[in-house]
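This briefing is intended to be read alongside the sequence and the coordinates. Its points are grouped by topic.

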Amino acid sequence: MLDNSVLTVALPTIGRDLAASTASLQWVSSAYSVAFGGLMLLFGAVADRFGRRRTMLVGLTVLAVASAATVLVTSVEQLVVVRALMGLAAAMTTPGSMALTFRLFSGEDLRVRALTVVSTAGLVGLAVGPTIGGFVLAVAPWQVLLVANVPIALVALVGIRSGVGADRPEDLHRHPLDLAGAVLGTAAVIGVLVTPTLVVSTGGWSAWAAAVATVAAVAGFVVRERSARYPLLDLALVARPLVASGLAYKAAAGLATAGLSYAVTLQLQAAWGWPPVLAALGTLPQVVVLLVSGRFVGPFVRRVGLERAAWTSATAVVVGLAVFTLAGRTGYPAVAVALALVAVGMRVVGAVAGASVLSGLPADRTSIGAALVDTASELATAVGIAATGTVLAAFVPGSVTVAQTTAAHTAAVVGALQVAGAVITAVAALLVAVGVLRARRGASTPEPTATQPTPTPATATATTATQPTPTPALPTSSASPSSSVDHHQESSRA
């Protein structure tokens, strides 16, 4: 999560240092998210078959090596490769985290507390990344922001090797790995993100070729997953109303959050000429709201219910982005309001969207559900950055980052950011609407319960259609209602 956000405030500095164009600069941020989101399902399946501990150790090694290689970077293309390798490493380490946590602790209370620590660590990394980046840039080169991963990876390596036992053979799957589905899915994700940039930056036959290849990859992935005996992703499960609505809310929040963070950074520095440290302080409303609002999530969900909490929080994210789009150019107070609205909405969505997804899945599919939630968030983050960068490349002549800002350059950047904000706001609002409609359908259409045995891929659709049961609600236990809801939220955060 820190890697996802720490470079946001450093993008103008990197652009000047490496003489990066606007199109290439956006890939410094999005290459990490593309690799992370595109490969997470694959490495989740790999970890289930070959060992979660082993996969995480390999991923941490890749993270350390790639981060250390930052000191050798001399061009923006090399930095994009480093960021992609770091995203690959993150995809190898993330899916097994929840499974290892459940192995380490047998009691429900300890598991909830452990998952709370994990989710809080990720949230803090996301929230403080821009602030840390701004202060580091005041005293050190931007490369330090990535090299700092090396000691973190080494500490994690030692901790996992000494504190986590190897996976037992009986805990691993023996089904063949759907490599064809993994290749097609990754190609589809990358194509969706690369094609808009090619259309703006180069045009011509290369853009058309990328568009055709992307459509072919998407179609091939759908056909493969519908026909494979052991698919990488069971599309019948994703289509369930509770699952689809939760993923839509999570994607809307991720899209709006990434787009706003990218746009605010460029407006404060590239348009208004703020130094990195001041721009870092400018993101504090988001940091403060993210950190202090956690204690209110549980009471809010208990008061209004899971479904209403999901759509209202996702709507708050969209409203915050709309505030920036319509009033952000008037001054920093509007920017601060937008950051606060998006932060409070994202804080709640982080808990309830995952809860919705996990509620709609069978008990033996909750791990793939957690991977789906993370993948939706990462892909939406990459789409938000790609969309904003693509609009900037189309509307701002030359580079967004210049040594001396002029009135014409400021007007061009601010105008482009308004267009980008309007596009992302519209897409995020559409995702929220889809989530609301799917959730309402879930309330009126029975689904298989979470405890029903999972059907084989060949019969999953038929079983879902012919064995209706009541729609699953929040899990219950002998604990109090509040502890039940809190456990549900903390599990979804992880």
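Of the 494 residues in the protein, 54% are buried. The model is predicted, with a mean pLDDT of 77 for the protein. The protein contains 22 helices and zero strands.

**Overall organisation**

- Among contacts in the protein between residues at least 6 apart in sequence, 83% join residues at least 24 apart.

**Confidence**

- A pLDDT of 70 or more is reached by 80% of the residues.
- Among the elements of the protein, helix α4 (residues 52–68) has the highest mean pLDDT, at 92, whereas helix α21 (residues 460–466) has the lowest, at 37.
- Over residues 449–494 the pLDDT stays under 50; for this stretch the model has 81 contacts beyond four places in sequence.
- Where pLDDT is low, predicted coordinates should not be read in detail.

**Packing of α2 and α3**

- Helix α2 (residues 11–18) and helix α3 (residues 22–50) have axes that come within 10 Å and cross at roughly 130°.
- The crossing in which α2 passes α3 is right-handed.
- On the α2 side the contact is made by L11, I14 and G15, and on the α3 side by L25, V28 and S29.
- By class, the residues of this contact of α2 with α3 comprise four nonpolar, two polar and no charged.

**Packing of α3 and α4**

- The axes of α3 and α4 come within 6 Å, and their crossing angle is roughly 130°.
- The two helices α3 and α4 are therefore oblique to each other.
- From α3, the residues F43, V46, A47, D48 and F50 meet R52, R54 and T55 of α4.
- The contact of α3 with α4 divides into four nonpolar residues, one polar and three charged.

- T388 lies in helix α19 (residues 366–395).
- Its relative accessible area is 1%, so T388 is classed as buried, the cut-off being under 20%.
- Which residues does T388 contact, leaving aside its neighbours within four places in sequence? The contacts of T388 are with G259, Y262, L417, A420 and I424.

Notes
Residues are numbered from 1 along each chain as its sequence is written. This is a predicted model: local features need pLDDT of at least 70, side-chain atom pairs count only at pLDDT 80 or more; totals for chains, interfaces and linings use all residues. Side-chain values use heavy atoms; hydrogens and water are left out. pLDDT is the predictor's confidence in each residue, from 0 to 100. Helices (H or I, at least four residues) and strands (E, at least two) are DSSP runs, numbered from the N terminus. Contact means heavy atoms within 4.5 Å. Axes are lines fitted to C-alpha atoms, for helices over the stretch in contact, and angles run from 0 to 180 degrees between N-to-C directions. A crossing is left-handed if the near helix is turned anticlockwise from the far one by less than a right angle, and right-handed if clockwise. Ala, Val, Leu, Ile, Met, Phe, Trp, Tyr, Cys and Pro count as nonpolar, Asp, Glu, Lys and Arg as charged, and the others, Gly among them, as polar. Buried means under 20% relative accessible area, exposed over 50%, partly exposed in between (1.4 Å probe, protein chains only). Angles under 35 degrees count as roughly parallel, over 145 as roughly antiparallel, 65 to 115 as roughly perpendicular and the rest as oblique.
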